[in-house]
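I opened this entry to look up the pocket, the ligand and the salt bridges. The notes follow in the order of the look-ups.

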Amino acid sequence: MSTPISISESSQNQNVVGQIHSVESCGTVDGPGIRFVIFTKGCPLRCLYCHNPDCRPMTDGKQVTVDELIAEIEKYKSYMRFSGGGVTVSGGEPLMQPHFVAEIFKRCKKLGIHTALDTSGYADLEHAAKPVLEYADLVLLDIKSFEPETYFKVTSVPIEPTLKLAKYLSEINKPTWIRFVLVPNLTDDPANIEGLASFISTLGNIEKVEVLPFHKMGEYKWEQLGYDYQLKDTQPPTAELVQRTVDIFKKYGLAVVS
Ligand code: SF4
């Protein structure tokens with residue numbers, strides 16, 4: 001079992017270097033409006049349905065400086081402004097490179113650009129999450145299950161750091177969207193979803209819950225990487241199952257999209 005990420009801050013200058021997988025200049029699914037999305041390298045989770053398994057290793061990424069990224073981001077500022085968009089840092093797990101991500105967000109804030117962090121929450125709260133959250137306008141928090149055994153089965157890590165982060169986000173009233181991937185025969189147990197919905201309903205900062213139906217678009221990457229894709233025989237959820245899941249979240253007074 002791995003432990004949550006805690007990375008010491010080594011560089012204080014603005015031209016911090018990070019490892020990224022890629023960028024998407026006009027993303028529309030990772031936060032509001034049109035967004036410049038940065039996919040960082042490195043992830044301590046091993047989600048069975050991961051659609052970015054090539055983001056997991058910290059090696060073989062592209063080294064970029066914050067200056068280089070900001071120069072690129074500035075080219076898309078007008079799209080972001082007119083669409084109510086901004087910059088999202090996703091991954092991988094962005095909180096594996098907290099100083100890098102905090103620096104990107106800090107520079108975006110100076111430029112008046114909205115910032116969103118897409119995270120699993122599996123990180124050291126004090127040393128990795130808090131420095132980044134200071135400059136994040138929105139958090140997209142993936143809670144991949146609620147029952148601890150199911151969470152571990154899905155991700156190979158424990159759920160506690162994610163719940164701790166969720167509670168902290170509520171304490172500081174940080175606007176947060178919860179993302180939940182619905183996988184038949186893995187995360188779809190009504191008791192699991194009820195537990196998650198009930199927990200989320202105790203938080204005061206949740207703007208919406210996104211129920212994301214499982215898909216296999218990343219399967220070919222697993223094959224290319226020589227990883228064992230255990231969900232080969234799992235089908236996407238039916239419309240009925242998605243609706244039943246949405247209804248559970250709604251029952252707890254949550255705004256839900258699927
Ligand atoms: S947290 Fe995201 S990148 Fe990491 S293994 Fe899970 S789905 Fe893949």
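For the accessibility entries I take exposed as over 50% relative accessible area, buried as under 20%, and partly exposed as in between. The model is predicted.

Salt bridges. I searched the whole structure and found 12 salt bridges. I looked up glutamate 72 and lysine 75, whose closest N and O atoms are 2.9 Å apart. Lysine 75 has a relative accessible area of 55%, so it counts as exposed. Glutamate 72 is partly exposed at 28%.

Next I checked lysine 251 and glutamate 194, which form a salt bridge at 2.7 Å, N to O. Lysine 251 is in helix 9 and glutamate 194 in helix 7, so the pair ties together parts 57 residues apart in sequence. Lysine 251 is exposed at 58%, and glutamate 194 is partly exposed at 22%.

I then took arginine 179 and aspartate 118, which meet in a salt bridge at 3.2 Å, N to O. The pair links strand 7 with strand 5, across 61 residues. Arginine 179 is buried at 7%, and aspartate 118 is buried at 8%.

Pocket. The largest pocket has a volume of about 890 Å³. I counted 32 lining residues, with Asp118 and Arg179 among those nearest the centre. Strand 8 contributes the most to the lining, 4 residues. By class I logged 14 nonpolar, 9 polar and 9 charged lining residues.

Ligand. I found the ligand in the largest pocket. Around the ligand are Cys43, Leu45, Cys47, Cys50, Gly92 and Lys144.

Technical notes:
Residues numbered from 1 in each chain as written. Predicted model: local features only at pLDDT ≥ 70, side-chain atom pairs only at ≥ 80, totals over all residues. Heavy atoms only, no water. 1 Å grid on protein atoms, 1.4 Å probe; cavity = no way out; pocket = protein on both sides within 12 Å on 5 of 7 lines; lining within 4 Å. Points joined across faces, edges and corners; volume = space filled by probe spheres on them. Helix = DSSP H or I, 4+ residues; strand = E, 2+ residues; numbered from the N terminus. Nonpolar A, V, L, I, M, F, W, Y, C, P; charged D, E, K, R; others polar. Near = heavy atom within 4 Å. Sits in = over half its atoms within 2 Å of the grid points. Salt bridge = Lys/Arg side-chain N within 4 Å of Asp/Glu carboxyl O. Buried < 20%, exposed > 50% of the residue type's maximum accessible area, 1.4 Å probe, protein only.
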